[in-house]
Every structure is written in C-alpha cells, then in structure tokens.
Amino acid sequence: MIGEKINEMLKLRGMRQAELARLTGASKTTINSIIMRNNKNVDFSLMEKIADALDVPIEYFFDRDGDKKAGELIAGDKLTEKEQKFVSAFTALSPQNRHTLLVIAEALLRDQSEHPDPQG
C-alpha cells in the first residue's frame, strides 16, 4: 500500500526513485525496497521525509480505507475528533519537534509490541 502510493506520487510528480532518495537522504536501495515491499513497516522519520519530498501530508500514506489514489488526501471528516486534534497539533509543531514526537511514537510502538497490554 505505501509502496504503491509512493510510486503513484513519483509518477504524478515526474520524479524518479533516485531523486526521492537524494531529497530524503535515503539510499536508492532503501527507497526501492520500500516501494517493492509495499507495506507499512517503514521508519516514521523516513516517511515524513518522503511525504515532504513528494509534497503530501504523511497521512496520505496511511489512510484507513486503502483505496485512495494519488492526489486524494485523507479528509478531516474521516478522522476521529482525537485524531484531528493530534494531526492539528502535529502540523503546528516545528520540524525538529515533529521529529522528536515521531521518535517517541516509534519507541512507544516498539515497547507496545514487546509488552502487549494484557487488557487489550
């Protein structure tokens, strides 16, 4: 899903994988691997750089419907009120604080996967 969306945006922008790699600081191999694996298991910091380079909100890559096409971004009414507040707060942060928040979120996700909540 993510790989397909990146590929669609590359085509829409007339951009090659090598240019995306250069703009994000990732290797060409990494970009190609993300596109070919086509999954959600991608570092959030890199996804933020990819979204910035492709000039789309990062939410575009993680829509819950799974049927959005290039240029169709998540509408605010598709998000819960809490999600809308989070997105608003996130977008108001400086790039450095966005990065910090993403690092914290990744650490929480790792901890959650290593120590699942027994109450679900």
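Start by selecting Glu 48, which lies in helix H4; helices here are DSSP runs of H or I with at least four residues, strands are E runs of at least two, and both are numbered from the N terminus. Is Glu 48 buried or exposed? At 10% relative accessibility, Glu 48 counts as buried (buried means under 20% relative accessible area, exposed over 50%, and partly exposed in between, using a 1.4 Å probe and protein chains only). Now show what surrounds Glu 48: apart from neighbours within four places in sequence, its contacts are Ile 58, Phe 90, Arg 98, His 99 and Leu 102 (contact means heavy atoms within 4.5 Å).

A word on what you have open: this is a predicted model, in which local features need pLDDT of at least 70 and side-chain atom pairs count only at pLDDT 80 or more, while totals for chains, interfaces and linings use all residues. Residues are numbered from 1 along each chain as its sequence is written, and side-chain values use heavy atoms, with hydrogens and water left out.

Next, move to Lys 49, also placed in helix H4. Lys 49 is partly exposed, at 45% relative accessibility.

Now color H1 (residues 2–13) and H4 (residues 44–54). Their axes are 10 Å apart and the helices pack at an angle of about 25 degrees (axes are lines fitted to C-alpha atoms, for helices over the stretch in contact, and angles run from 0 to 180 degrees between N-to-C directions). H1 and H4 are therefore roughly parallel to each other; angles under 35 degrees count as roughly parallel, over 145 as roughly antiparallel, 65 to 115 as roughly perpendicular, and the rest as oblique. Which residues make the contact? From H1, pick Ile 2, Ile 6, Met 9, Leu 10 and Arg 13; from H4, pick Met 47, Ile 50 and Leu 54. By class, this contact has 7 nonpolar, no polar and 1 charged residues (Ala, Val, Leu, Ile, Met, Phe, Trp, Tyr, Cys and Pro count as nonpolar, Asp, Glu, Lys and Arg as charged, and the others, Gly among them, as polar).

Stay with Leu 54 for a moment. Leaving aside neighbours within four places in sequence, Leu 54 touches Ile 6, Met 9, Leu 10, Arg 13, Met 15, Leu 20 and Phe 61. Leu 54 also belongs to the largest nonpolar core, which has 22 residues; Ile 6, Leu 20, Ile 50, Leu 54 and Phe 61 touch the most other members (a nonpolar core is a set of buried Ala, Val, Leu, Ile, Met, Phe, Trp, Tyr and Cys residues joined through side-chain atoms within 4.5 Å). H1, H2, H3 and H4 are the elements giving two or more residues to this core, and H4 provides the largest share, 6 residues.

Step along to Asp 55, in the loop between H4 and helix H5 (81–92). Asp 55 has a positive phi of about 60 degrees although it is not a glycine, and Asp 55 is exposed, with a relative accessible area of 62%.

Finally, zoom out: the protein chain has 6 helices and 0 strands, and buried residues make up 28% of its 120 residues.
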